[in-house]
Number of protein chains: 2
Amino acid sequence: MPRDANKTRKRILEAAYVQFRRRGYSRVSMDEIASAARLTKRSLYYHFVSKDALLTAVLEAQHHLAIAAFQTFGDRLAGSVEAMIDGLFSELAVWADKPRWAGSGFTRLVIELADLPGHPARLIARRHKSTLEGQFADRLAKAGVGGARELAREIWLLSEGAISLMLVHGDRAYAEAAARAAKRLLNGKIASAPGGRAGRSRRGP
Amino acid sequence: MPRDANKTRKRILEAAYVQFRRRGYSRVSMDEIASAARLTKRSLYYHFVSKDALLTAVLEAQHHLAIAAFQTFGDRLAGSVEAMIDGLFSELAVWADKPRWAGSGFTRLVIELADLPGHPARLIARRHKSTLEGQFADRLAKAGVGGARELAREIWLLSEGAISLMLVHGDRAYAEAAARAAKRLLNGKIASAPGGRAGRSRRGP
DNA sequence: ATGTAAATTTACTAATCGGTATACTTTCGA
DNA sequence: TCGAAAGTATACCGATTAGTAAATTTACAT
């Protein structure tokens, strides 16, 4: 077999992801992706049968990468829950400050394809967000927070809202406001949770 | 002048808004908009010089309509702040349950055009969101909530997050979670605000 | 070396896109 | 009634789109 097909495939997925995340789906052409991946459009179609299939594969690959990244991110913040929340939102603010930031690739693509409920990309995005929210809930539970699933969802809502509003306004103040709200929600949980004041303790559950 | 140009213009704006909100910007063609507005593409270009200009005009018109709608919505909920929050999120849930719901037209378009920071549509969307957030803050302040601006922003974050996540998951449970979080944030404010327990009172500020 | 399957290229559709040249209607003022 | 401006329609343009036919190159097994 000439050239390594697997490496080419990876190169395509990488190039396509950059394009899709930056400029969405419709406005990126297969010619552009091919050019960015340094091959011809016909070769692109050798590896992926259609643009939709390519998008699906891109999101599938990115899903696993993002899960892994979130894992190491969580490990790095083994301290208090407050520190974890601060880390989450400050990382979000830094991320959003990047010059050509265009939001979460998953959210962006789902919203662009919002009128196509059967599109495979939407299924993957849905699974992706669920997994992340679930892992975040597990982290909170391990840190001893009572009602972790509920709190995780609420903080997740704040985070998604911050992404949307930072895209609209280009103002990272929304990440800070979200962080403040998240910590107040956490403290409310601690005060009322049957498990007690677990937020600041170092112990696991 | 033959036919009423103003009526035609309005018909175009209406048809274009439906299309843009439902399917975004790129994937809607001028031919489709013309057809939906029951005229030819050439006539469309007589009224609007370009697709970008049409989008701008559509958002401009929709901005005023949405502001007015929010006004009456707020008037209808003159009672307690809790009731106002419940009303906000339950209205959101009902809205999101509509069969071909595709999120806020403004947010959707901003996200689709996230890589074009100079696009006029983004300026309008930005002004739109600011106005709504500001009016919501005013309502809260009038109801006697301390730190109304901060709380308004936090609830706004929850609301935008709920829109995103409901689009991803098609599950209105996110609106309910957002409502719960919003009310907990409100109660936290009441407990800690210097102005005191204003949330349940009927008095103004 | 050489056959062969895998991988890549050049060159091409047919359709659709935003936008336009130009001629035709409609309506009102004179 | 009739000229002229306002508004609409027919028919087109060049560019771009996703996708394809067919020939060509590469690498490895024999």
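**How the two chains are arranged**

Analyst: Chain A can be laid on chain B by a turn of 180° and a shift of 0.0 Å along the axis, with an RMSD of 0.1 Å. The superposition is by least squares on the C-alpha atoms of residues with pLDDT of at least 70 in both copies; pLDDT is the predictor's confidence in each residue, from 0 to 100. This is a predicted model, in which local features need pLDDT of at least 70 and side-chain atom pairs count only at pLDDT 80 or more, while totals for chains, interfaces and linings use all residues. Residues are numbered from 1 along each chain as its sequence is written, and chains are lettered from A and ligands numbered from 1 in the order in which they are written.

User: As by what kind of axis are the two copies related?

Analyst: In general, two copies of a chain are related by a rotation about an axis and a shift along it. Here the turn is 180° and the shift is 0.0 Å. The copies are therefore related as by a two-fold rotation axis.

User: Which residue of chain A comes closest to the rotation axis?

Analyst: The distance is taken at the C-alpha atom, and it is 1.8 Å. The residue in question is Gly161(A).

User: What percentage of the contact residues of chain A recur in chain B?

Analyst: Two residues are in contact if their C-beta atoms, placed from the backbone, lie within 7 Å. By this criterion, 38 residues of chain A are in contact with 38 residues of chain B. The same surface serves both copies, and the share of the contact residues of chain A that recur in chain B is 100%.

**The elements and the interface**

User: How many helices does chain A have?

Analyst: Helices (H or I, at least four residues) and strands (E, at least two) are DSSP runs, numbered from the N terminus. Chain A has zero strands, and its elements run α-α-α-α-α-α-α-α-α from the N terminus on. The number of helices is nine.

User: Which element gives the most to the side of chain A that touches chain B?

Analyst: Helices 1 (5–23), 6 (105–112), 7 (120–142), 8 (148–169) and 9 (173–192) of chain A each give two or more residues to that side. The greatest contribution is 13 residues, and it comes from helix 8 of chain A.

User: How many charged residues has the side of chain A that touches chain B?

Analyst: Ala, Val, Leu, Ile, Met, Phe, Trp, Tyr, Cys and Pro count as nonpolar, Asp, Glu, Lys and Arg as charged, and the others, Gly among them, as polar. This side has 16 nonpolar and nine polar residues. Its charged residues number 13.

User: Is helix 8 of chain A roughly parallel or roughly perpendicular to helix 8 of chain B?

Analyst: The axes are lines fitted to C-alpha atoms, for helices over the stretch in contact, and angles run from 0 to 180 degrees between N-to-C directions. The two axes come within 7 Å and cross at roughly 90°. Angles under 35 degrees count as roughly parallel, over 145 as roughly antiparallel, 65 to 115 as roughly perpendicular and the rest as oblique. Helix 8 of chain A is therefore, relative to helix 8 of chain B, roughly perpendicular.

**Burial and confidence**

User: Why is helix 6 of chain A largely enclosed by the rest of the structure?

Analyst: A residue is buried if 20 or more other C-beta atoms lie within 10 Å of its own, exposed if 12 or fewer, and partly exposed in between, with C-beta atoms placed from the backbone. The cover of the buried residues of helix 6 of chain A includes helix 1, helix 4, helix 7 and helix 8 of chain A, together with helix 6 (105–112) and helix 8 of chain B. Among these buried residues are Arg108(A) and Glu112(A). Helix 6 of chain A is largely enclosed because its buried residues are eight of the eight.

User: Is Arg38(A) buried or exposed?

Analyst: Arg38(A) is found in the loop between helix 2 (30–36) and helix 3 (41–47) of chain A. Its phi is positive, about 60°, although Arg38(A) is not a glycine. Because it has 11 C-beta neighbours inside 10 Å, Arg38(A) counts as exposed.

User: Over which residues of chain A does pLDDT stay under 50?

Analyst: Chain A averages a pLDDT of 90, and 91% of the residues score at least 70. Where pLDDT is low, the predicted coordinates should not be read in detail. The stretch under 50, for which the model has 25 contacts beyond four places in sequence, is residues 193–205 of chain A.
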